[in-house]
Amino acid sequence: MSHIQKRSKSIYLHQLRKAFAMKPLALGIASVMLSACGGSREASQIYVSPDDCKQDNPEATGQCLAAYEAALAEHNRTSPKFDTEKDCEYEFGDQRCQYVQTSSGSFFMPFMAGYMVSQLMQPRPYYSQPLYTSFSPYSPFRSRWVTSNGYVFDGDIRRRSYNAPSSTFEKKPTVNRTIKRGGFGSSVRAKSSWGSSSKSKGWGG
């Protein structure tokens with residue numbers, strides 16, 4: 001496990017327990033392919049930790065942990081990254097960002113707030129993606145679930161079941177550059193105006 005993964009795993013779980021003390025939220029997805037709105041969708045359920053997933057799927061503890069680790073790896077690879085903590089917190093809220101130091105430089109990125117998995121209990125390979133939320137009053141996705149490339153799910157973070165578009169699980173570009181304050185929110189607004197079937201290139205590269 002990389003330095004970033006170890007740091008993310010130890011820091012963000014503590015933050016999540018504080019942020020969601022009222023009720024643990026989860027984003028794991030045991031799913032079946034559905035046809036809706038002109039595209040395939042995954043029947044989905046949500047978890048924020050492997051333990052949450054294990055409670056719902058006691059016979060699949062290994063899959064729950066593997067799905068979490070896969071989502072965390074994607075989080076480290078595709079999460080939006082910022083030059084300053086203030087820019088990151090403007091998008092995601094106070095104390096919702098972590099400092100990361102790598103061999104090529106340093107940056108701030110939001111904590112992973114949940115992870116989404118499809119086909120957890122199916123014989124086919126399952127898919128896993130990190131999810132984020134915001135506590136910032138300036139954010140267009142405040143208290144809502146959003147992917148690393150700006151797709152926002154309907155409803156607030158109390159909602160745990162979705163028929164998620166299959167595109168949610170498509171491979172996203174690695175993020176190698178930082179963005180400025182408002183950059184992530186602008187992508188979210190643009191994606192919302194395009195509609196759920198549109199795709200965004202995001203800010204990877």
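1. How many disulfides does the count come to? Taking a disulfide to be a pair of cysteine sulfur atoms within 2.5 Å, the count comes to 2 disulfides. A disulfide is a covalent bond between the sulfur atoms of two cysteines. With the bonded cysteines counted along the chain, the pattern is 1-2, 3-4.

2. Some notes on reading come before the details. This is a predicted model, in which local features need pLDDT of at least 70 and side-chain atom pairs count only at pLDDT 80 or more, while totals for chains, interfaces and linings use all residues. Residues are numbered from 1 along each chain as its sequence is written, and side-chain values use heavy atoms, with hydrogens and water left out.

3. On confidence, pLDDT is the predictor's confidence in each residue, from 0 to 100. The protein chain has a mean pLDDT of 77, and 71% of its residues reach 70 or more. Where pLDDT is low, the predicted coordinates should not be read in detail.

4. Cys53 lies in helix α2 (residues 50-56) and Cys64 in helix α3 (residues 61-78), so the pair ties together parts that are 11 residues apart in sequence. Both Cys53 and Cys64 are buried, where buried means under 20% relative accessible area, exposed over 50% and partly exposed in between (1.4 Å probe, protein chains only).

5. Another disulfide joins Cys88 to Cys97, again with S to S 2.1 Å, and the link of Cys88 and Cys97 is left-handed, with -90° about the S-S bond. Are its two cysteines, Cys88 and Cys97, buried or exposed? Cys88 is buried, because its relative accessible area is 0%, and Cys97 counts as buried because its relative accessibility is 8%.

6. Strand β4 (residues 97-102) and strand β5 (residues 105-110) run antiparallel and are joined by 6 bridges; two strands pair if DSSP finds at least two bridges between them. Thr102 has Gly105 of β5 as its bridge partner, and a hairpin joins β4 to β5 through 2 residues.

7. The structure holds 10 aromatic pairs. Rings of Phe, Tyr and Trp (its six-membered ring) pair if their centres lie within 6.5 Å, and planes under 30 degrees apart count as stacked, over 60 as edge-to-face and the rest as tilted. The rings of Phe92 and Phe141 have centres 5.4 Å apart and planes at 65°, so this pair is edge-to-face. Phe92 lies in helix α4 and Phe141 in the loop between β7 (127-131) and β8 (161-165), so the pair ties together parts that are 49 residues apart in sequence. Both Phe92 and Phe141 are buried. Tyr151 and Phe153 form another edge-to-face pair, at 5.0 Å centre to centre with 75° between the planes, and Tyr151 and Phe153 are buried. One aromatic cluster is formed by Phe82, Phe92, Tyr132, Phe141 and Phe184.

8. Two polar contacts deserve a look, a polar contact being a pair of N or O atoms within 3.5 Å; within protein, one must be able to donate a hydrogen and the other to accept it, and residues adjacent in sequence count only if both atoms are side-chain atoms. Asp87, in helix α4, counts as buried at 13% relative accessibility, and its side chain is joined to that of Arg181 by a polar contact of 3.3 Å. Leaving aside residues up to four places away in sequence, Asp87 touches Phe82, Lys180 and Arg181. Ser148, found in the loop between β7 and β8, is buried, with a relative accessible area of 3%, and a polar contact of 3.2 Å joins the side chains of Ser148 and Thr78.

9. Finally, the backbone. Most residues other than glycine have a negative phi, and most peptide bonds are trans. Gln95, in the loop between α4 and β4, has a positive phi near 60°. Ser143, in the loop between β7 and β8, has a positive phi of about 60° although it is not a glycine, and Ser143 counts as partly exposed at 26% relative accessibility.

Notes. Helix = DSSP H or I, 4+ residues; strand = E, 2+ residues; numbered from the N terminus. Contact = heavy atoms within 4.5 Å.
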